[in-house]
Amino acid sequence: MEKASLDSWSTVRQHLDLHAPEEISALLDSAQLAFDGNFTLSAPLSVYSQLCQLYPLLETSVQDLTGAHLFLALEPSVPMGTDDDSLELSLGAASLTEAILAPESIAAVPAYLLRFVPYVGSGAILIATALRQAFYRSSRERGGDALYPKQSDRVRINVQAILGSLGGCISRAKFFRIFQEGRMDFFVRREPASHRMVQGQLRREATTYVYRGLLLTPGDAFDLRNYLQKQGFAERPLETLQLSLDTPRDQILQFPYRLAQDNDPSTASSVTDIVLSLLEGKKPSAALLALADKLALQLIRPEAFLAVPWYWFRKVLPEMGDDLGVLYLMARNCCYIDWARGRDRDQFWVQSGLSTLQGWIGNETLPKRLPHAQPSKRGRKRQKNVKEASSYTRNWRDANRDAARGYLLRQATRAGKDEPDWQLKVGPVSLTPQDEALRQALQAWLLEPDRSLREALACFAQNQTLQQALERAAYLDQKHICHFETLKTKAICQFETLDRELIGHYETLATALNSYFETLIEAGICHFATIIKILKRIKNNFLEPQDILPSLYSPPQRPEKRKDWDYQFFLAQISPVLSERIRSEKLEERFLAELIAAALNPQVNAPLSMAVSKTLQQNQSAPQAAIDLAALGPQGLHSLVGQALDRLRSGYLGSFAVGGKTALSQLLKDSIGSAAQIRMLERLQETLFPEP
């Protein structure tokens with residue numbers, strides 16, 4: 001590392017030792033420092049996570065004292081040659097809202113990109129945002145570690161994929177019209193179409209887009225040029241650029257957004273282009289170009305962006321529309337979260353409210369439709385009967401206003417210089433009404449499931465094969481999750497794929513989902529594939545009963561039973577003579593086993609009489625399965641019968657509904673059907689464990 005950079009870092013360390021927490025010194029000593037024009041700290045995971053919490057302080061100190069930026073890098077923790085299959089990671093969710101919203105899946109909207117809205121409109125900005133994400137993913141695929149795309153980066157993407165990421169709020173025709181009008185020339189350049197032969201047919205490949213780099217808006221380029229000229233750039237260019245680096249941005253550019261003016265250039269320019277034009281043909285020095293690059297980073301701040309969940313683009317943006325949606329992004333960019341003081345600014349004043357917002361978005365009618373926090377009842381009364389065309393417009397405006405209410409509100413007004421100022425309140429990303437209905441339904445479904453459903457959910461959380469079977473069933477029929485027999489018929493699953501117990505859990509989940517979410521599916525609010533995807537994200541909550549969701553549906557505790565059988569209780573229900581004979585011959589255990597076998601036999605109408613008759617017969621013994629059940633004791637048998645009933649009532653099929661190949665399944669034949677099995681188990685409960 002060069003001596004100058006080491007001296008700069010020593011200055012930063014001295015400043016941090018005086019003004020930063022004590023633990024920051026040990027963290028910096030545990031990290032590796034590198035310099036390539038900017039400082040980079042590489043640290044292991046334990047140190048890296050703590051440095052991330054202190055990053056705003058570190059970045060501010062480095063930038064104020066050295067003019068450079070600070071980046072954090074995570075040292076690789078997996079040795080070279082490690083098998084990829086040995087490590088499996090999956091994102092989870094702590095709540096249903098988080099599972100639906102997926103806040104970790106974000107689109108990075110560059111903060112400076114929103115300054116182009118008055119010049120190119122909202123549609124071009126949304127397309128540029130989607131393309132930027134494509135550039136970012138492309139750099140990740142080839143091993144890039146940049147936070148933002150660089151000039152001449154290329155990406156090949158299908159038009160439909162871009163429109164789909166924006167929720168379909170921009171039509172295909174509008175997409176091509178924006179390119180034809182040249183509004184995307186500020187950001188990317190489209191290469192000529194290319195084709196390839198596929199099975200003897202000529203097919204067009206996806207369009208390739210080339211990133212143009214960090215450019216200033218036409219208005220910002222005009223303001224920067226004027227500023228440099230006023231500071232005497234022609235006489236002393238190096239000193240002027242250095243002075244610009246030490247000058248706050250609001251003394252060079254106009255904030256929050258500069259409106260388009262007639263004398264603005266027609267194209268965007270880079271800081272380097274402006275510097276070269278002011279030199280008027282003179283050859284620039286390497287130091288001058290380096291200062292120009294630093295000034296571009298300081299003015300544009302490519303690492304500053306809005307982290308907006310993709311959920312907002314796919315679900316909320318189509319309801320709000322592109323103009324209102326971009327206005328929300330512009331307003332949100334004017335707010336901030338103050339982590340140092342624990343305060344959030346979610347509202348701000350817009351000078352000359354109406355005309356300023358019209359200039360921001362380039363729409364004269366949209367700002368008038370912003371919902372008020374306290375709507376006024378002054379003015380003309382709303383007409384009840386209107387023309388059909390007017391009714392359509394009114395309904396569209398009402399729906400548009402309702403979609404914006406949770407995101408943008410006209411909070412208050414005050415007297416301004418030329419016209420009243422508006423105070424806008426900006427809301428966070430929240431669930432749509434449809435997804436909120438789905439969240440409430442899922443919450444209610446998970447609050448009070450029976451025992452069999454709890455077991456099925458726990459198995460679902462741990463078994464990937466069961467998850468895949470349900471996902472395939474959801475895509476096979478979007479309105480109904482089929483039974484396992486249908487999957488077998490379609491050759492999707494076989495008995496080798498899921499064992500009998502897993503088939504029972506599959507049937508339990510399929511029956512429960514079909515019966516509970518039928519109304520939402522028919523109303524088009526959600527699909528079964530969406531529900532299963534949400535369940536997969538919160539699956540870890542099903543494994544530990546003490547956590548949030550499972551604690552809400554913990555099973556009711558059954559009353560404690562006697563540890564040993566009370567034979568006197570059963571013998572008291574028969575003739576005293578027969579009762580005395582059973583006691584004298586010590587046949588109590590055989591009598592209990594015969595009673596269990598008779599109660600589970602659908603051909604026996606009076607289990608108690610049949611048990612007495614069988615017990616007193618000579619040279620015969622009770623069925624071994626009944627003897628095994630009696631050996632479980634009151635608690636064990638009561639629990640086993642309760643579990644079997646829960647499974648059968650939830651839709652389990654076959655012998656595995658009563659625990660698989662057990663003593664209970666041997667006595668309770670699966671050929672009699674689920675309804676008859678439930679009746680026999682209920683009769684056994686009434687016989688052995690009558691209610692007090």
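1. Let's start with the sheet. Three strands make up an open, mixed sheet in the order β1-β2-β3, with strands taken as DSSP E runs of at least two residues and helices as H or I runs of at least four, numbered from the N terminus. Strands pair if DSSP finds at least two bridges between them. The edge strands, each pairing on one side only, are β1 (32–35) and β3 (70–74). From one strand to the next, the twist averages 25 degrees.

2. A word on the ground rules. This is a predicted model, where local features need pLDDT of at least 70 and side-chain atom pairs count only at pLDDT 80 or more, while totals for chains, interfaces and linings use all residues. Numbering starts from 1 along each chain as its sequence is written, and side-chain values use heavy atoms, with hydrogens and water left out.

3. Back to β1: four bridges join it to β2 (residues 39–43), and the two run antiparallel. F35 has F39 in β2 as its bridge partner. Helix α3 (residues 45–53) lies across β2 and β3, at about 150 degrees to β3. Helix α4 (residues 55–66) also packs on the sheet, touching β2 and β3, and its direction makes about 140 degrees with that of β3. For these angles, axes are lines fitted to C-alpha atoms (for helices, over the stretch in contact), and values run from 0 to 180 degrees between N-to-C directions. Contact means heavy atoms within 4.5 Å.

4. Helix α13 (residues 286–300) passes a quick length check: its 15 residues should span 21 Å at 1.5 Å a residue, and the end C-alpha atoms are 21 Å apart, which agrees. The expected span is 1.5 Å times one less than the number of residues. Its buried residues include L288, L291, A292, L295 and L299, and the buried set packs against α10 (218–230), α11 (237–245) and α12 (271–279). Buried here is under 20% relative accessible area, exposed is over 50%, and partly exposed is in between (1.4 Å probe, protein chains only).

5. Where does D435 sit? It lies in helix α18 (residues 433–447), and it counts as buried at 5% relative accessibility. Leaving aside neighbours within four places in sequence, D435 is in contact with I100, Y311 and K315. Its C-alpha is 9.1 Å from that of L101, 334 residues away along the chain.

6. On to the aromatics: the whole structure holds 19 pairs. Rings of Phe, Tyr and Trp (its six-membered ring) pair if their centres lie within 6.5 Å, with planes under 30 degrees apart called stacked, over 60 edge-to-face and the rest tilted. Y257 and W360 are edge-to-face, at 4.8 Å centre to centre and 75 degrees between the planes. Y257 is in the loop between α11 and α12 and W360 in helix α16 (residues 353–361), so the pair ties together parts 103 residues apart in sequence. Y257 is buried at 7%, and W360 is buried at 2%.

7. Ring pairs also link W310, W312, F313, Y328 and Y407 into a cluster. Two arginines are worth a look too. The charged end of R410 sits over the ring of W422, 4.0 Å from its centre, and R414 lies over the face of W349, at 4.2 Å from the ring centre. The criterion is NZ of Lys or CZ of Arg within 6 Å of the ring centre and within 35 degrees of the ring normal.
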